[in-house]
Amino acid sequence: MDQLLRSARPAAQVDPRRPSGLGRFGDYGGRFVPESLVPACVEVERAFVEAWTDPLFRGELNHLLAVYVGRPTPLTPAVRLSAELGVNLLLKREDLTHTGSHKINNVLGQALLARRMGKRRLIAETGAGQHGVATATAGALFGMPTTVLMGAKDIERQQLNVFRMKMLGAEVVPVTSGSRTLKDSCSEALRHWVTSVDDTYYCFGSVLGPHPYPWMVRQFQRVIGDEARAQCAADLVAGTPDYVVACVGGGSNAAGTFAGFIDTPARLVGVEAAGGAAISAGTPGVLHGFRSLVLQDQHGQISEAHSIAAGLDYPGVGPEHAYLADSGRATYVTVDDAEVLAATHRLARTEGILCALESAHAVAWVIRAVGDGTVPPGSTVMLTLSGRGDKDMATLMELS
Ligand SMILES: Cc1ncc(COP(=O)(O)O)c(C=O)c1O
């Protein structure tokens, strides 16, 4: 896998900034939904295209990102960990946003869009609960009733976030089918949307789902990469880092981060959970309305993902990542739960930052890659720290 990293092609060959046709990123993406949902997806696409070019919409979103979310988030030099590792590690601090993860960037964009479309209700799926909390927050902010579908297993391990959603006035509906995790809550949310499409907006939490969601969610998340690019240009002599690293569940924080660096020479590295590695171990298939790389058996039955991080416990990945992997522009690697736990502790002890278990995947890879020489000494590494670890304290207490 590290071999792959060294053979990543230079930046200029790929420009996936906008998908073609029906939301295609190469062979991936598209819109594989029941007929009853096609008009709803078309309506969302039209509304997004219009809104994204409307200075009033962009102005309102940017204002909210500044005064409500707390953007721009800082780029923090990880001074002590950098000294230990012998590289220059910079952390893009999405953990410092209101609600504690990058999910809020996308949700505020979609909630503004829903309001502009005249929708009255929001529904969302959630895994780690961060997207559910962000959607419940937007529901409260805009006075829109919100329903969050969440796997029963995730409800057990992310109780703090379940309570937060309820405090914010959202209804949390447990999903007891299948693996009782993110995959099943996505399926249930799509079913729910079919029956309520007239007045309800489905707020997808990652670069997943039918077109235009993977593209739209990346556009809402590209604020991470655009800010980080400008911060690197101001702070680094070379202007851009050697490596840009982010964890990948569905892939939204990574897609938003990579978007800011796609036309630079920086090597883009997405880090998957070993037990949910759709790019590293998946094959092409259709899941939740889009074609991508998916963990499945030879009969096309979706396999169950397993990760200590609920937000990475998903057997598919956003179509843009499958395309970036095929094209060689980005490289995808995996780390296991033990490496993640060690990285969580090491970041806490060296930097005073308790990050989310999802984000710790990116940290774990950097630690390993420096150790085995994949990342040479003296390199500059820009890493998106997608969220804070409060939600994971119960899991960490149990494990220690
Ligand atoms: C903190 C955090 N990081 C990362 C993720 C993974 O999502 P994505 O790959 O869409 O960024 C999640 C998902 O819940 C999350 O809560």
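**Close-up views of a predicted model**

View 1. The model is a predicted one, in which local features need pLDDT of at least 70 and side-chain atom pairs count only at pLDDT 80 or more, whereas totals for chains, interfaces and linings use all residues. Residues are numbered from 1 along each chain as its sequence is written, and side-chain values use heavy atoms, with hydrogens and water left out.

View 2. For serine 386, a polar side-chain atom is 2.7 Å from a nitrogen atom of the ligand. The ligand taken alone exposes 390 Å², of which the protein buries 97%; accessible areas come from the Shrake-Rupley method with a 1.4 Å probe, and for residues only the protein chains shown count as cover. The ligand sits in the largest cavity, a cavity being, on a 1 Å grid over the protein atoms alone, a set of points where a 1.4 Å probe fits but cannot get out. A molecule sits in a cavity or pocket if more than half of its atoms lie within 2 Å of its grid points.

View 3. The peptide bond from arginine 71 to proline 72 is cis, with omega near 0 degrees, and proline 72 has its place in the loop between α3 (55–69) and β3 (75–77). Helices (H or I, at least four residues) and strands (E, at least two) are DSSP runs, numbered from the N terminus. The bond from histidine 211 to proline 212 is also cis, with omega near 15 degrees, and proline 212 is found in the loop between β8 (200–202) and α10 (213–235).

View 4. Threonine 99, although not a glycine, has a positive phi of about 80 degrees and is found in the loop between β4 (88–93) and α5 (103–116). Threonine 99 counts as buried because its relative accessibility is 6%, where buried means under 20% relative accessible area, exposed over 50%, and partly exposed in between (1.4 Å probe, protein chains only). Histidine 288, a residue other than glycine, has a positive phi near 50 degrees and is found in the loop between β11 (283–287) and β12 (290–294). At 9% relative accessibility, histidine 288 counts as buried.

**View 5. Buried residues in helices.** Glutamine 130 lies in helix α6 (residues 130–142) and counts as buried because its relative accessibility is 7%. Glutamine 110 has its place in helix α5 and, at 0% relative accessibility, counts as buried. Alanine 362 is found in helix α15 (residues 357–371) and counts as buried at 0% relative accessibility; the C-alpha atoms of alanine 362 and alanine 330, which are 32 residues apart in sequence, are 14 Å apart in space.

**View 6. Cysteine 247 in strand β9.** Cysteine 247 has its place in strand β9 (residues 243–247) and is buried, with a relative accessible area of 2%. Although 137 residues apart in sequence, cysteine 247 and threonine 384 are 7.8 Å apart in space, C-alpha to C-alpha.

Methods: A polar contact is a pair of N or O atoms within 3.5 Å; within protein, one must be able to donate a hydrogen and the other to accept it, and residues adjacent in sequence count only if both atoms are side-chain atoms. On a 1 Å grid over the protein atoms alone, a cavity is a set of points where a 1.4 Å probe fits but cannot get out, and a pocket is an open set with protein on both sides within 12 Å along at least five of seven lines; lining residues have an atom within 4 Å of a point.
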